[in-house]
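Here are some notes to read beside the structure. They take a few helices in turn.

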Amino acid sequence: MHRCLRLEEILQEIFKTADYRSLTVLARTCRLFYEPALNVIYSDLPGLQPLIERLPHDLWSTSSGELVIRGPLRPQDWEVFAGYSRRVRSLRLRWFASDAKLYCALLSPPDPSFLLPNLRTFTWHCLSTRSAGLDDMFAFMRLLFCHNLAAAQLIVSEYALAAFSDLGCTSLRKLVIQSHKVAINANVTEDAICKLSDLRSLACGEVSVRALHHLAQFPLLSRLTIWLGDDFPSALTFPKFPFSKLRYLTINTKSIGPCLSMLKATNWNIRCFHHRMDAGYDPAGRKVLLELLPLQLSHESLKCISLHTAAPHPDDDPITNPISLKPLFSFKNLLILELSGAILPRLDNDGLQKLAVAWPQLQVLILHQKAGLYRAPQADLTGLVLLLKHCPELHQLAISVNAIIDTKAPPAPPISSTSNKLITSINFSNSPITKTAEVAAFLSAIVPNLRETLSWTGEVMCPGGNVPEYRKRWDDVAELVRVFAEVRKQEREACMHALKSEVVRK
């Protein structure tokens, strides 16, 4: 056996790629594999059942698919439990009233180190309010949290989140709080997060102004995702030097006002800004947002802008209310731009070229209309050539182009050196298309590695009713591009071979 395989760290990295059955075989293969294989098997558990099943059979049974504990654990049982629980690094628990006795049986370990001492990631699903036995689960969780838990994901009710706040888990570095159907009160969320000053990442629902003031002073917070309600104050101020380490900011709102207030409160030295609205917003507010971003966000550090609207506003007319991207051209180092929703900028070939020239480092461009009235794209296949010419690092693209081919003057594949080999998939959004072969021949010259196309995946109302046919044609394009690209490759090789033969003869 190679000496490297005697290192447990290397074995565990190898075993992480194996499935459960292979791991059980490896654990029985030799003593050297036993510990690393068990560490991987028990590193991530969907519940406590795999640990309980390692105990003597006189302690537990299954009835109607439910695990039943028959009595308290004896000292020797705790030794067995500890031998496996020390391997657990990630645990997912879901509250069921039938598990109350299970948690009660685990409340008296001989020592806290017997109860998942290396647990670092915890997921808790509890949508109950007051329920018999739930206090035993809280007591069990309190024992777990005496160790250095680093990350928690909570899918909980308001009552469960309030109980979590009382458990004193102050070691968290990452916290995700999610509700189900019923939103959690902002004050309850504030109580849950205000003492977690070591947080580096937080994602939660609605937050209060007081909670934001707490978060602004967290010294290590680098990622923040929050919801701002419509009652958010229009004038907001923070203490000096707020959010000093923040680099990724996501704001979810119902209307545009709260987002504007948050942005105006300070200057943001962030890398990524995401804004999502659950409803459409007025044209004036849209314009203010785009003009405000270069005033409040760092021109040098910002790399990503993502703006999303979930539904069209009744006044959103794509003809009379176009979006202008010009205010965003100040962000010269932009790598990712994502605009999705009902209303998008109307870009012709010239506009697409200006966009590409403004952001030559662009790697991801998503311009995807998901709902609203259909608008015929103004940019055509030539616009794609201009985009790829000025953005050579582009590797992810979603855009609508007009691929209706004029049979009298079909576009000739470009003979320039513009060829992007990074792109393997394109979402053509709501692009009309007629001549499949001509479009595929054109694309094979500029994106020879294209293997997949998506189109018409949203809920845009197309008056012509040709969506199924358009979608099928774009699927055919992906197949033909592969063929055309291979033919072009063979043609180049044949030309090179002929050229070399000609040189040899001379």
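1. Start with helix α7, residues 134-144. Its buried residues are Leu134, Met137, Phe138, Phe140, Met141 and Leu144. Seen down the axis of α7, these residues fall within an arc of 160°, so they line one face of the helix. Keep in mind that this is a predicted model.

2. An α-helix has 3.6 residues a turn, so residues three or four places apart point the same way.

3. What covers the buried residues of α7? The cover includes two strands, β4 (90-94) and β5 (121-126). It also includes the helices α6 (100-105) and α8 (158-165).

4. Next, helix α2, which spans residues 20-27. Leu23, Thr24 and Ala27 are buried in α2. Around the axis they cover an arc of only 100°, which puts them on the same side of α2. Among the elements covering these buried residues are α1 (8-15) and α3 (31-41).

5. Now a helix pair: α13 (residues 349-358) and α14 (residues 381-390). Their axes come within 8 Å and cross at roughly 10°. Angles under 35 degrees count as roughly parallel, and α13 and α14 are therefore roughly parallel to each other.

6. Which residues meet between α13 and α14? From α13 come Asn349, Leu352, Gln353, Leu355, Ala356 and Val357. In α14 they meet Thr382, Gly383, Leu384, Leu386, Leu387 and His390. By class, this contact has seven nonpolar and five polar residues, and no charged ones.

How values were computed. Residues are numbered from 1 along each chain as its sequence is written. This is a predicted model: local features need pLDDT of at least 70, side-chain atom pairs count only at pLDDT 80 or more; totals for chains, interfaces and linings use all residues. Side-chain values use heavy atoms; hydrogens and water are left out. Axes are lines fitted to C-alpha atoms, for helices over the stretch in contact, and angles run from 0 to 180 degrees between N-to-C directions. Helices (H or I, at least four residues) and strands (E, at least two) are DSSP runs, numbered from the N terminus. Angles under 35 degrees count as roughly parallel, over 145 as roughly antiparallel, 65 to 115 as roughly perpendicular and the rest as oblique. Contact means heavy atoms within 4.5 Å. Ala, Val, Leu, Ile, Met, Phe, Trp, Tyr, Cys and Pro count as nonpolar, Asp, Glu, Lys and Arg as charged, and the others, Gly among them, as polar. Buried means under 20% relative accessible area, exposed over 50%, partly exposed in between (1.4 Å probe, protein chains only). The arc is that of the directions from the helix axis to the C-beta atoms.
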